[in-house]
Amino acid sequence: MKIGIYIDAANLAYSGGFNMRYDVLKDFCSIGGGELVRLNTYISYDAQKAEQDKEYREKQDSYFRIVRHFGFKILRKDVKWYTNEEGERYGKANADLDLAVDMLIQSRNLDKVFLLSGDGDFKRVVKAVQDKGVRVELIAFNNISGDLISECDHYIPGFIIPDLLPIKHPGKNGERYRGICYNVEDKFSFLRYINADFGYEEVFAHLSELRNNKNFYLDRIYEFSVDEGPKGPVAKRIVEVKF
């Protein structure tokens with residue numbers, strides 16, 4: 001299976017995905033033995049600021065080197081500066097069109113695409129890529145378009161992928177997991193999470209173990225430990241995670 005990864009870096013940075021680990025992303029997307037063919041990340045860059053601000057320039061250069069080290073191609077979109085009618089100066093660097101065009105053209109040689117963005121503007125290109133027979137899976141964090149989620153073949157909250165963000169995350173022997181609530185009944189729920197081997201698992205959760213809320217809610221993220229109950233795994237010491 002040939003796989004492509006397309007990252008809207010600016011969108012992720014402002015929507016909960018800041019400091020995402022590219023090495024973990026590669027491992028997750030290639031589970032099952034897929035071949036990573038295209039790894040593109042679209043990043044805004046303020047060239048004018050880089051000329052004047054040494055710290056900004058060095059941080060950006062360091063970040064680019066790290067991303068390149070993990071095999072990703074950086075498609076840099078320079079910020080362009082404008083002045084509005086009130087005389088206020090503002091910058092704009094929209095890489096959405098570049099990402100959409102590349103994903104559409106390159107998908108002819110791919111079997112699956114991972115799109116990392118919450119921007120609903122990508123809905124139409126997702127449909128066009130799917131019409132070529134390519135599966136499109138979405139990974140995002142906060143502020144995600146519902147239309148985009150509905151259009152994609154599968155949605156994975158980035159918060160529940162083990163170690164994707166620099167937060168102590170899933171493990172065994174009493175360590176904590178993060179999962180998404182996908183079914184709610186009267187006093188219990190079922191949570192779906194990703195284990196340390198990037199496999200999906202489900203766990204029963206009773207309302208009595210929920211610490212910081214009175215009810216479970218669909219599609220929200222919860223953190224918990226997993227113990228063995230009489231009928232299988234059960235979630236313990238559950239807290240809703242708010243980002």
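**Figure 1. The start and end of helix H4 in the predicted model.** At the start of H4, the backbone nitrogen of Glu55 has a side-chain oxygen of Asp53 within 3.1 Å, in a model that is predicted. Helix H4 itself comprises 16 residues, 54-69, and spans 22 Å from its first C-alpha to its last, which is close to the 22 Å expected at 1.5 Å a residue. Just after H4, Gly71 adopts a positive phi of about 90°.

Figure 2. Four residues of H4, namely Tyr56, Gln60, Phe64 and Val67, are buried. Seen down the axis of H4, these buried residues fall within an arc of 65°, so they line one face of the helix. An α-helix has 3.6 residues a turn, so residues three or four places apart point the same way. The buried residues of H4 pack against helix H2 (22-29), strand E2 (35-45), helix H3 (47-52) and strand E3 (73-78), whereas Lys54, Lys59, Arg65 and His69, on the other side of H4, are exposed.

**Figure 3. The largest nonpolar core and the surroundings of Leu116.** The largest nonpolar core holds 35 residues, of which Ile5, Ile7, Met20, Leu25, Leu116 and Ile139 touch the most other members. At least two residues of this core are supplied by each of strand E1 (2-8), helix H1 (9-13), H2, E2, H4 and strand E6 (112-116), and the largest share, five residues, comes from H2. When its neighbours within four places in sequence are left aside, Leu116 is in contact with Ile5, Tyr6, Ile7, Asp8, Leu12, Met20, Leu25 and Ile139. A second, separate core, made up of 18 residues, includes Tyr42, Val125, Val129 and Leu138. In soluble globular proteins, nonpolar side chains tend to be buried together.

Figure 4. Strand E9 (residues 177-184) and strand E10 (residues 188-194) run antiparallel and are joined by five bridges, with Asn183 standing opposite Phe190 in E10. These two strands, E9 and E10, form a hairpin that has three residues between them. Strand E10 also pairs in the antiparallel sense with strand E11 (residues 200-206), over seven bridges, and here Arg192 has Glu202 of E11 as its bridge partner. E10 and E11 likewise form a hairpin, with five residues between them, and Phe198 in this turn has a positive phi of about 65°.

**Figure 5. Two aspartates with positive phi in loops.** Most residues other than glycine have a negative phi, and most peptide bonds are trans. Asp163, a residue other than glycine, has a positive phi near 65° and is placed in the loop between strand E8 (154-157) and E9. With a relative accessible area of 34%, Asp163 is partly exposed. Asp219 counts as exposed, at 60% relative accessibility.

How values were computed
Residues numbered from 1 in each chain as written. Predicted model: local features only at pLDDT ≥ 70, side-chain atom pairs only at ≥ 80, totals over all residues. Heavy atoms only, no water. Expected span 1.5 Å × (residues − 1). Buried < 20%, exposed > 50% of the residue type's maximum accessible area, 1.4 Å probe, protein only. Arc of directions from axis to C-beta. Contact = heavy atoms within 4.5 Å. Polar contact = N/O pair within 3.5 Å; in protein donor to acceptor, adjacent residues only side chain to side chain. Pairing = 2+ DSSP bridges. Core = buried A, V, L, I, M, F, W, Y, C linked by side-chain atoms within 4.5 Å.
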